[in-house]
Amino acid sequence: MTDESVPDSEEEWRETLDEDEYRVLRECGTEPKFSGEYIDEDRDGTFRCAGCGAQLFDSETKFGSNTGWPSFFDAAEDAIEYREDTSHGMVRTEVVCAHCEGHLGHVFDDGPDPTGKRYCINSVALEFDEES
């Protein structure tokens, strides 16, 4: 998508996204553990927002966390916004796409060096562009 094509209303989002994408990106849902297509993705490339196409993560920052979701130790500059999430009786840091505000997942402070971060991201919130 281009900047001009980001939906303006939830009705437009429903027409643009499939049911699972809408549930995760617009309703802060979570895909089942170990069900996402990008858990074992190890090709070189770029992970983009499934809602708007914005670049979010580089494959060089992806690592195997064995948590059930794709994990990254860093995000593209200015690609992510952070929000406090107090749902499910916990306090977590939600990560959303800075461009379209789509829910991506959460970030935790138990990742590897050099950042110590673990961006735990739903595969359904991502698209992958392989480097050629």
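**Figure 1. Salt bridges in the predicted model.** Counting a salt bridge wherever a side-chain nitrogen of Lys or Arg lies within 4 Å of a carboxyl oxygen of Asp or Glu, the structure holds 10 salt bridges. The model is predicted, so that local features need pLDDT of at least 70 and side-chain atom pairs count only at pLDDT 80 or more, while totals for chains, interfaces and linings use all residues. Residues are numbered from 1 along each chain as its sequence is written, and side-chain values use heavy atoms, with hydrogens and water left out.

**Figure 2. Close-up of the salt bridge between arginine 14 and glutamate 27.** The N to O distance in this pair is 3.6 Å. Arginine 14 belongs to helix H1 (residues 10-16), whereas glutamate 27, 13 residues apart from it, sits in the loop between helix H2 (19-25) and strand E1 (45-49); helices (H or I, at least four residues) and strands (E, at least two) are DSSP runs numbered from the N terminus. Arginine 14 is exposed at 51% relative accessibility, and glutamate 27 is partly exposed at 46%, where buried means under 20% relative accessible area, exposed over 50%, and partly exposed in between (1.4 Å probe, protein chains only).

**Figure 3. Close-up of the salt-bridge network of Glu41, Arg43 and Glu130.** Arginine 43 is partly exposed at 36% relative accessibility, as is glutamate 130 at 46%.
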